[in-house]
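Hello,

Please find the structure we spoke about below. My notes on it follow.

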Amino acid sequence: MPSWNADQYLKFAHERTQPARDLAARIAVDGPRKVIDLGCGPGNSTALLAERWPVAAITGLDSSSAMIRAAEREYPQFHWMAGDISGWAAEPDTLPDNLFDVVFSNAALQWVTDHPTLYPALFRHVAPGGALAIQVPMNMNAPAHVAMRELASTPAWACMLPSEGVREWHVHDARFYYDLLSSLAARLELWETEYLHVMEDARAIVEWYKGTGLRPFLDALPSEADRENFLADYADRLDDAYPAQADGRVLFPFRRFFLIAYR
Ligand SMILES: C[S@@+](CC[C@H](N)C(=O)[O-])C[C@H]1O[C@@H](n2cnc3c(N)ncnc32)[C@H](O)[C@@H]1O
């Protein structure tokens, strides 16, 4: 599990929250009473669920104590739980406390293993008439990710990183998720969106991934100096991969996958 830093993550709060906003806007569940945000982070996605359904009881769950503390500070009015998503999914769904009208997760399940077990288990926590709504990044082949993996495999860095490689995201394609949930759900909606984030420069993409995708690589390096050097080498690669526009800014394409399974 990578270390999480709420301030670093929220440097791009607007861009990171937009997919959660887009997902929440498409959930067609009337007046949900209970909503849970799995992998809620610092509460940015949870807060917009409360905007969408002001009278619902809102719970946020996250395994990072730093994230849960940040969420509690910013939004004391919601219910926060420190815990693991897989552990929560495996809890008995027969208890009324464990059924929710909306089970929501934005940009978190890519960090969780064993989706063939996880997704159906999450769906079982959806109350009748409710929905499981998920967004995960699907840009493992984007230049910024390829650059991370290529850099980590160069002799200079491979010798400092675990020989089995660092943990990468767990994401399958749309066909996989369809087959997993189609026999359980009354209706499934699936779509992909490629956001084109406008970044100040390619270095801003380094800052973006310092809050997420680079964490497993940085956590595995032995010292702060190594982390700084790794980031510098990574930044050089991004300069080539993301050329500047006429005004100096760069476009950062980011593909994301969305799924809503209705019960
Ligand atoms: C990229 S942040 C997403 C935050 C927020 N949902 C958003 O939309 O911006 C991913 C969050 O998932 C949490 N997370 C990752 N694996 C988890 C797990 N197995 N159980 C609970 N939370 C997890 C991390 O601690 C982190 O706060």
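Pro143, Ala144, Ala147, Met148 and Leu151 in helix 7 meet Asp233, Tyr234, Arg237, Leu238 and Ala241 in helix 12 (in contact means that the C-beta atoms, placed from the backbone, lie within 7 Å; helices are DSSP runs of H or I, at least four residues, numbered from the N terminus). By type, the residues of this contact are 8 nonpolar, no polar and 2 charged (Ala, Val, Leu, Ile, Met, Phe, Trp, Tyr, Cys and Pro count as nonpolar, Asp, Glu, Lys and Arg as charged, and the others, Gly among them, as polar).

The model is a predicted one, in which local features need pLDDT of at least 70 and side-chain atom pairs count only at pLDDT 80 or more, while totals for chains, interfaces and linings use all residues. Numbering starts from 1 along each chain as its sequence is written.

Pro116, Tyr119, Pro120 and Phe123 of helix 6 make the contact with Tyr177, Leu180 and Leu181 of helix 9. Those residues divide into 7 nonpolar, no polar and no charged.

As for the ligand, 22 residues surround it, and the closest are Gly39, Gly41, Ser45, Ser64 and Asn106 (near means a C-beta atom, placed from the backbone, within 6 Å). Helix 2 gives the most to this shell, with 3 residues. The shell comprises 9 nonpolar, 10 polar and 3 charged residues.

Regards

Technical notes: Helix = DSSP H or I, 4+ residues; strand = E, 2+ residues; numbered from the N terminus. Contact = placed C-beta atoms within 7 Å.
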